[in-house]
Structures are given as structure tokens and as C-alpha cells.
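Hi,

Here is the structure we talked about. Please have a look, then read my notes below.

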Amino acid sequence: MTHPYAQELGDFLRARRSRLRPRDVGLEPGGRRKVTGLRREELALLAGLSTDYYQRMEQGREVRPSDDVLDSLASALGLDDEERRHLFTLARAARRPMPARVDREPERVPDSTRRLLRVMSTPAVVLGRHLDLLAWNPMAEALLGDPDGYPPDRLNMLLLMFDDTLTRQRSCSDWERQALDYIGMMRAAVATDPTHPRATAIVGELSIRSADFRRLWARHDVRESVSGTKIFRIPEVGDIVLDWDSYPLPGSPGPVMLVWTADPGSADADRLQLLASLHATRSASAVDQ
């Protein structure tokens, strides 16, 4: 049976090799090529490895590369710091025997974190390691909609993002960038436990029903912690442009808090406050009925 970490390592190496072109590394492309990126033998030559050894790594066969070999591969592939850490995480895990039993406790949000969410004056949510939505504040509910209407197992940022019937936002200019951020976070989680049933279920479902997910997942991008900017299209108040950042919570690996903010005094901040007021009014009316 293939070691799951070795298989994930091989898939990552193959994806990174395929994105390189011969000219990127000072090689002449030569005649017709059957592969879009570098050939295995070309990458092996750049890394100072035998083609057979490198091929066995990509195939997830029983190899235990040393840190020196990993350094050479990272340089040959032009990996950035985050990708390099990912490479070492997978390879070092592949050196160890798989434990007979993996401790997978349910993810919990501490009461103190829930109190923090309630007093925050900006949208914020807590995401589990596999992007399950574990907690949120009223500002997030105003911005994203009421999560209580969905079954708990469907409250997952990846499942929601790739479900057209729920989001209908694929025409947004930042949709693919946001999807890659979430996919990169899932890749980082898979690197810590590639056989986790929650990850297997989410990735398996989306791989079957979404060609977009299959295409983006195959890139093997990884994000350990992310930040960015997102445009929210809200008919009641207009477009709101918010910065977002992720903050790790205690635990290894543990949940993260995702927080959206606007520059104080900006038009986006005004629209966000107007949206929050409208939401509060609707919520109060629903309670009175």
C-alpha cells in the first residue's frame, strides 16, 4: 500500500514540475514535447539526482529523501518559502511509519473565542482545519447570510464556494483567486493528515461534481495563512471591498479566525455599517413576530 504522505509528495512534485518550462531553467526546448513542463530527466538533472530515483519519488514509491535532496529539489523547482516548507513537511512525514490509530478529536471553539466574536465590530468567522464554518458573529451573518439554514455538514467554505445554487458569484472578478486561497488552505491541512475522512469527503465530492475544482486542486498550491481583498456584491448597499486576514487559534493544527475589515471612514466602511444596521433591524423584527 502506498504511503499517503509519499503519494501526496509525489503529486506535489509532479504539479510543480509541470509548471516549469525549459527556458525557465536555461534549457532549450528542443523538438516536439509530449509534456507541458519539464521532463522528469530534466528535473532530475537540475537537482543532481538519478532519473530513476526522482521517478520513484513522483510515483510515491518507497523512498526517503534526505534534507539535502529536498533542498536540491526545492532549488531546481524554484519553490518559494511556503512551498518549500510544504515539501519538507510531506517528505519528513513520509519517512515515518503511519500510526495504527490517529487521534482526531472534534474541533471546538472555546467560549472565550465566541465572546471575542460577539464584541468584534467587523465581520469574523472561525474556520476548522478543513474550512468548516464553526462560529461567526452577527456582522459576518449580515455580510455572508444566515448559516443556520444549512445542514452542519454543508457549512464548509469550499462546498459553499463551488455550489452555484448557493453563491452564484462565479462571475466575480476575484472568485478564482478566493477559491485558490481556500484550496491552498485545504492543501496545507491535507499535508498534516492526508487520510482524514473530512478532507477525503470534501475533496472527493468536489472532484466528482466540479470541473473548476478539479482544475484548481490539481495545481497543488498551498497556503499556510492567507490574506487578501474581496469584493462583496450586496444589492441593498452596493459593492463592498474588504480586506481579509486569517489568524491561527491555539492548537496544532487548529482552527483559524477569518476577519474582514474596511479602512475607517471609507465608503466601504460606511456601506458595511449600513448593511449591519439593516441586518440588525431585520433580526429585531423577526424576534418581535
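Arg-187 counts as buried, because its relative accessibility is 3% (buried means under 20% relative accessible area, exposed over 50%, partly exposed in between; 1.4 Å probe, protein chains only). Arg-187 sits in helix H10, residues 175-192 (helices are DSSP runs of H or I, at least four residues, numbered from the N terminus). Its side chain reaches the backbone oxygen of Trp-217 at 3.0 Å. Leaving out residues up to four places away in sequence, Arg-187 touches Glu-8, His-86, Trp-217, His-220, Asp-221 and Val-222 (contact: heavy atoms within 4.5 Å).

A word on the source: this is a predicted model, where local features need pLDDT of at least 70, side-chain atom pairs count only at pLDDT 80 or more, and totals for chains, interfaces and linings use all residues. Residues are numbered from 1 along each chain as its sequence is written, and side-chain values use heavy atoms, with hydrogens and water left out.

Now the helix pair. The axes of H1 (residues 4-18) and H3 (residues 51-58) come within 7 Å and cross at roughly 115° (axes are lines fitted to C-alpha atoms over the stretch in contact; angles run from 0 to 180 degrees between N-to-C directions). H1 and H3 are therefore roughly perpendicular (65 to 115 degrees).

On the H3 side, Tyr-54, Met-57 and Glu-58 are the buried residues. They fall within an arc of 100° seen down the axis of H3, so they line one face of the helix (the arc is that of the directions from the helix axis to the C-beta atoms). They pack against H1, H2 (40-47) and H4 (67-77). Just after H3, Gly-60 takes a positive phi of about 70°.

Best wishes

How values were computed:
Helix = DSSP H or I, 4+ residues; strand = E, 2+ residues; numbered from the N terminus. Parallel < 35°, antiparallel > 145°, perpendicular 65-115°, else oblique. Polar contact = N/O pair within 3.5 Å; in protein donor to acceptor, adjacent residues only side chain to side chain.
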